[in-house]
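Open your viewer and get ready to click along with this tour. At each stop you will find something to select and a short note on what is there.

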Amino acid sequence: EWTEDTIRALVDEHGVTSRKQLQREHSGAYYAARTRYPDLLDELLPVKARTPSNWTEETIRALVDEQGITSRTQLQRESLGANVRPRMRQDVHDQAASVT
């Protein structure tokens, strides 16, 4: 039976660094922690905040102009990171597609 102490020991002994790793490698301990001790997961393996994208509409427009990008496919292929932001801003994609 999983207790807070046994889950703590497992995380420490096996060097578990993420919830995904715990779920993948020790699913029973993960399930017990998630259902019985949710605060324990927050303590041992806090959810990491996502890093916001550095891409802005202006930097994407500059990239399109500088590299002569003429299509959405080319933008996706050559600058995958820049493509993340435009998914939310369809007009930037449309501009990239209309540059000829």
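Helices here are DSSP runs of H or I with at least four residues, strands are runs of E with at least two, and both are numbered from the N terminus. This is a predicted model, where local features need pLDDT of at least 70, side-chain atom pairs count only at pLDDT 80 or more, and totals for chains, interfaces and linings use all residues. Residues are numbered from 1 along each chain as its sequence is written, and side-chain values use heavy atoms, with hydrogens and water left out.

Of the 100 residues, 28% are buried. Buried means under 20% relative accessible area, exposed over 50%, and partly exposed in between (1.4 Å probe, protein chains only).

Next, select I7, V11, V16, L22, A29, L41 and L45. Within the largest nonpolar core, which has 13 residues, these touch the most other members. A nonpolar core is a set of buried Ala, Val, Leu, Ile, Met, Phe, Trp, Tyr and Cys residues joined through side-chain atoms within 4.5 Å. Helix 1 (4-13), helix 3 (27-36) and helix 4 (38-44) each give two or more residues to this core, and helix 3 supplies the largest share, 4 residues.

Zoom in on A29. Which residues is A29 in contact with, leaving aside its neighbours within four places in sequence? They are W2, I7, L10 and L22, where contact means heavy atoms within 4.5 Å.

Move to H26, in the loop between helix 2 (19-25) and helix 3. H26 is buried, with a relative accessible area of 16%. Setting aside neighbours within four places in sequence, H26 is in contact with L10, H14, V16 and Q21.

For the last stop, select I60, V64, I69 and L75, which are among the 5 residues of a second, separate core. Then colour helix 5 (residues 57-67), where I60, L63 and V64 are buried. Look down the axis of helix 5: its buried residues fall within an arc of 100°, so they line one face of the helix. The arc is taken from the directions from the helix axis to the C-beta atoms. On the other side of helix 5, E58, D65 and E66 are exposed. Finally, click G68, which follows helix 5 and has a positive phi, near 65°.
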